[in-house]
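Could you walk me through this two-part model as if we were looking at it together on the screen? Here is a short tour.

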Amino acid sequence: MIPPRFKTGDRVRVMKSYPPGHLRTPYYIRGCEGEVERLCGAFPNPEELAQMRDGLPAQPLYRVRFRQSEVWPDYRGAAADVVEIEIYQHWLEPA
Amino acid sequence: MAKRDLGKYQPLSYFQLMEASLRELLVEKGIVTEAQIAAEVEDMRGRTPERGARVVARAWTDASYKERLLENGTKACEELGLDVPALKLVVVENTPQVHNAIVCTLCSCYPRMLLGIPPDWYKSRSYRSRMVREPRAVLAEFGLQVPEGVQIRVHDSTADMRYLVLPMRPEGTRGWGEERLAALVTRDSMIGVSLPKHPGTRP
């Protein structure tokens, strides 16, 4: 398992990357900045699993909380509204 | 009774044909048996939202259970004899300040072990794309007006976790037992697109 780099409350940014293949980082959240809500544990990397490899070492997986008003510039709704998404560590960098 | 046209030939769709071909090959090669497939289908049909409702009703009546459920959903389900294999369950609690709702924008991840087979709308492109983009408008279409002062938390279950909403216990249910409470808990209230039934509602 790869050691976790982040802890609850850390500010992180999702990498703005567009590699080919099977990805579990939604397109709409790439480049966005959020806060780590919790570490979920470590799981085999789905991008590797999709290529019939073992996905090891396991990647730490986080739930990251994003402000809707920052994800969608024209968001209509309360300023406090958030979206929470699971993101693997190799997609995150410190913000 | 209306006469049904049972004799009419319906060609298989592309995916139906692919499913049948794959299934027949797996059986022919001895990888699985017809009986195993039938048992799995039956098992899947046996999972209904009543399972999730039991979990919610227990959390409403037992504060320490609720604490354990929010801490580790998978373990708390096992306490009730609900096996949730390969499912890391995260239970998110609705409060007067926060309303939670679940979606999977990438595919249609859903806590099947607790809610059974997902409704068609959950898998629709429209729900999956709009729920993260304009949750308040989508919830309003389900008949749920969330006040501006209440924070909406949308959970996009993109990876290994599965989510269940713990709705707020309806008012007017003081002293109710678990079974009676469970009857108020709907599938949609555990996805977060509606509220539990009102205690005055006839079953």
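Predicted model: local features only at pLDDT ≥ 70, side-chain atom pairs only at ≥ 80, totals over all residues.

Residues are numbered from 1 along each chain as its sequence is written, with chains lettered from A and ligands numbered from 1 in the order in which they are written.

**The two chains**

Let's begin with chain A, which has two helices and five strands; helices (H or I, at least four residues) and strands (E, at least two) are DSSP runs, numbered from the N terminus. Starting at the N terminus, the order in chain A is β-β-α-β-α-β-β. Chain A has a radius of gyration of 14 Å, close to the 12 Å from the globule rule for 95 residues, so it is as compact as a globular protein of that length. That radius is taken over C-alpha atoms, and the rule is 2.2 Å times the number of residues to the power 0.38. Chain B, for its part, has eleven helices and four strands.

The table uses "buried" for a residue with 20 or more other C-beta atoms within 10 Å of its own, C-beta atoms being placed from the backbone.

| Chain | C-alpha span along principal axes | Buried residues |
|---|---|---|
| Chain A | about 45 × 30 × 15 Å | 33% of 95 residues |
| Chain B | roughly 55 × 45 × 35 Å | 33% of 203 residues |

**A strand with two faces**

E1(A) pairs antiparallel with strand E2 (residues 33-43) of chain A over three bridges; strands pair if DSSP finds at least two bridges between them. Within that pairing, A:Arg13 has A:Glu33 as its bridge partner. E1(A) also runs antiparallel to strand E5 (residues 92-94) of chain A, joined by three bridges, and there A:Val14 sits opposite A:Leu92.

**The core**

Which residues touch the most other members of the largest nonpolar core? Among its 61 residues, they are A:Phe66, A:Ile87, B:Val56, B:Ala101, B:Val103 and B:Leu164. Helix H3 (residues 49-61) of chain B supplies the largest share of this core, six residues. A nonpolar core here is a set of buried Ala, Val, Leu, Ile, Met, Phe, Trp, Tyr and Cys residues joined through C-beta atoms within 7 Å.

Methods:
Buried ≥ 20, exposed ≤ 12 C-beta atoms within 10 Å, placed from the backbone.
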